[in-house]
Each structure stands twice: as structure tokens, then as C-alpha cells.
Amino acid sequence: MDKMPRFVLWICSKFNKEQIEFIVKELSAVLNNQSDIKPKDDFKEKNPNYRDFYVDPAPPLTESKKNSSH
């Protein structure tokens with residue numbers, strides 16, 4: 001079972017109809033940007049490698065391999 005249907009099932013098992021209607025109203029306000037609460041930013045999920053880099057510990061070569069193989 002997917003996470004979302006399980007989440008809906010969990011909500012229905014924990015809250016009564018009035019509470020669920022309140023949750024839906026509040027979530028609608030969030031989706032319509034009418035709330036101070038903002039949804040999770042999914043930028044990292046869409047771009048997993050953004051700024052995912054590391055510095056190479058080895059220093060760069062100062063002379064080419066052709067010159068050093070005399």
C-alpha cells in the first residue's frame with residue numbers, strides 16, 4: 001500500500017468528521033498560499049545533485065607528465 005492511502009486511512013482512524021473537515025480546510029488554505037504555513041520545499045527531491053560536490057584532497061599537478069618522464 002502506498003504512503004498516501006495509508007496516511008488517509010490513519011487520519012480517518014484518528015479524527016472525527018469535523019476534525020477532518022478542518023484539516024482539509026487548513027490544507028486548502030496552505031495550497032492557495034493563504035496561510036503562514038508553507039509546504040515542504042521539494043527542490044532537493046527534484047534536483048538531488050544540486051551543490052553535491054566535494055574538494056579533491058590531492059593537489060593539482062604542477063607540471064605535465066611528459067616533462068617529468070625524462
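Predicted model: local features only at pLDDT ≥ 70, side-chain atom pairs only at ≥ 80, totals over all residues.
**The whole chain**

Let's begin with the fold. The protein has 4 helices and 0 strands, and reading along the sequence gives the pattern α-α-α-α. Its radius of gyration is 26 Å, well over the 11 Å from the globule rule for 70 residues, so the protein is more spread out than a compact globule. Along the principal axes, the C-alpha atoms fill a box of roughly 85 × 30 × 15 Å.

Some whole-protein values are handy to have side by side:

| Property | Value |
|---|---|
| Buried share of the 70 residues | 6% |
| Accessible surface | about 7,400 Å² |
| Share of that surface from carbon and sulfur atoms | 58% |
| Distance between the mean positions of the 12 positive and 11 negative charges | 3 Å |

**A look at S35**

Now for the single residue. Where does S35 sit? Its place is in the loop between α2 (17-31) and α3 (43-46). Is S35 buried or exposed? With a relative accessible area of 14%, S35 counts as buried, because this value is under the 20% cut-off. Buried residues make up 6% of the 70 in this protein.

What surrounds S35? Apart from neighbours within four places in sequence, S35 is in contact with A29 and V30. The side chain of S35 also has a polar atom 3.1 Å from the backbone nitrogen of I37.

Key: Residues numbered from 1 in each chain as written. Heavy atoms only, no water. Helix = DSSP H or I, 4+ residues; strand = E, 2+ residues; numbered from the N terminus. Buried < 20%, exposed > 50% of the residue type's maximum accessible area, 1.4 Å probe, protein only. Polar contact = N/O pair within 3.5 Å; in protein donor to acceptor, adjacent residues only side chain to side chain. Contact = heavy atoms within 4.5 Å. Rg over C-alpha atoms; globule rule 2.2 N^0.38 Å. Areas by Shrake-Rupley, 256 points an atom, 1.4 Å probe, with all protein chains shown as cover. Lys, Arg positive; Asp, Glu negative; His and termini not counted. Charge placed at Lys NZ, Arg CZ, Asp CG, Glu CD.
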